[in-house]
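Me: I have a chain open here and want to go through it with you. Can we start with whatever stands out?

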Amino acid sequence: MDKKISVNPDQLDSLANTLVSSLTAIKDEYKQLSLDLHSLIMQAPFEYKQCFSGVGDPSDTGASLADNLNDLEMYVRSAGNKLADADNLLGKLYGLHQQYGNLTALGALSARQAAYYGIGLTKFAKDAGGAYSFKHMKALQAFSDMVDNSKYKKVARGFLKFKYMRAKFNDYSFADLLHKKFAKYAPSQVVDYTNVSRGLFDQVRNKAVTKESLKAFGKSSLKFAKVNGATTFLVTGATSGIGAGLKIAENYEKYGNNTEVLKRENAKAVGKAVNDTVVVGTASIVGGVIGGAAGSLLGPVGTVAGSAVGSFIGGVAGEKLAKFTAPFAEKAAVVFKEPLHHAINTVRSGWEAAGKGVKAFNDGVDYANKQIKEALADPIGKATDVTKEVSKGISKAKDTAKSLVNGATSFMKGKFSFG
């Protein structure tokens, strides 16, 4: 007969809290014992100091025990979080929604790029040697020249994107920046990476790869990755930062009265955010570079499209990898829990206010999950209960409306009566 084991995630959370209290007490104890031992040795007469030879410092044993408890606390709390996530039906649906959102974002980017190239604002041509070059539509080039030679050059660039007003973009024409806005890369960057990638592939096929070609490919890839990385890290960092903020707000609601646990959990939230930003962002950049190189076989447009697909695939892979590296980042962040807590706690009232909103949301999720599970277990019975609740609600609404009408009538007949 199969036996089911029921584990309450809240009990695991409580156990983890107890471990933190024990961990704090042990640290205080072995530090004090170490101080007392050194004080005793310093105060002992010279002829008796040799009696303490070989007496071990409690710091080593205490620190070892503290490390074990620290690891155990992280394992226990992580297990509780995984159990809670596995039991969260709405959370799983939200996970699907996130993937759908990523696909939508990818589709939007690809559609924007396709629309730009489809209109023909910028076209790529291949010469007799197989090298690509770019050329803007005549009307666009004429307009670009007019803008670049006018006193409103900076304003026009800022209209496309505020950052295009910076000096680093002075070497690009207005038409180049328009291409960069819609295709993510400047046309010269696309052409350069396409030509270098295709050249390397030709050498690989002919088994004639040279050190110079590898060096050129690496240099071009680095430039391509730099462009991709600026956007990728910005988006990933913003997403991870929002997630960390919500987690910190939730921590203030759950552990606001337990400072030691609060310090550790907030540090873990920061560590996870940094981990996700670095791992997911880096994987997305690498994916974009590989995808762009593969797409170059279809020409410059293929380079851009391949980079978009590669970035998405790399990001998804990065999310999987980040789950394995997160525990190490969280553990490292706990070491800096004191300065992190000092920085985070400067706006404690704001976190506490946000925490109430997060708690209300979590309570709503818990209630919804309960209703879903009850409906799955007994669909007919749940439907009947819902019908009864609706009937009660309608009846209550009718009584409330009747009461309001009667009250209003009495009020009007009383104080505002002209009879």
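Me: Where does Val204 lie?
Reply: In helix α7, which covers residues 187-205.

Me: Which nonpolar surface patch is Val204 part of?
Reply: Val204 makes a patch with Val209 and Leu214. The area of that patch is about 250 Å².

Me: Back up a bit. What does the chain average in pLDDT?
Reply: The average is 77, and 74% of the residues score at least 70. Over residues 415-419 the pLDDT is below 50. Beyond near neighbours in sequence, that stretch has 2 contacts in the model. Where pLDDT is low, the predicted coordinates should not be read in detail.

Me: Fine. What about secondary structure, how many helices and strands?
Reply: The chain has 13 helices and 2 strands.

Me: And what share of the residues is buried?
Reply: 32% of the 419 residues count as buried. The chain exposes about 26400 Å², and carbon and sulfur atoms supply 64% of that.

Me: What share of the contacts is between residues 24 or more positions apart?
Reply: 70%, taken over the contacts in the chain with a separation of 6 or more.

Me: Changing topic to aromatics. How many aromatic pairs are there?
Reply: The structure holds 9 aromatic pairs. One of them is Phe169 with Tyr172, a tilted pair with 6.3 Å centre to centre and 40° between the planes.

Me: Is Phe169 buried or exposed?
Reply: Buried, because its relative accessibility is 5% and the buried class is anything under 20%.

Me: Why is the pair of Tyr185 and Phe224 called stacked?
Reply: The ring planes of Tyr185 and Phe224 are at 10°, with the centres 4.2 Å apart, so the pair is stacked. Planes under 30 degrees apart count as stacked.

Me: What does the Tyr185 and Phe224 pair tie together?
Reply: Tyr185 is in the loop between α6 (174-183) and α7, while Phe224 is in helix α8 (residues 211-255), so the pair ties together parts 39 residues apart in sequence.

Me: Are Tyr185 and Phe224 buried or exposed?
Reply: Both Tyr185 and Phe224 are buried.

How values were computed
Residues numbered from 1 in each chain as written. Predicted model: local features only at pLDDT ≥ 70, side-chain atom pairs only at ≥ 80, totals over all residues. Heavy atoms only, no water. Patch = residues over 30% accessible without salt bridge, like charges linked within 9 Å, V, L, I, M, F, W, Y side chains within 5 Å. Areas by Shrake-Rupley, 256 points an atom, 1.4 Å probe, with all protein chains shown as cover. Salt bridge = Lys/Arg side-chain N within 4 Å of Asp/Glu carboxyl O. Helix = DSSP H or I, 4+ residues; strand = E, 2+ residues; numbered from the N terminus. pLDDT = per-residue confidence, 0-100. Contact = heavy atoms within 4.5 Å. Phe/Tyr/Trp six-rings, centres within 6.5 Å; stacked < 30°, edge-to-face > 60°. Buried < 20%, exposed > 50% of the residue type's maximum accessible area, 1.4 Å probe, protein only.
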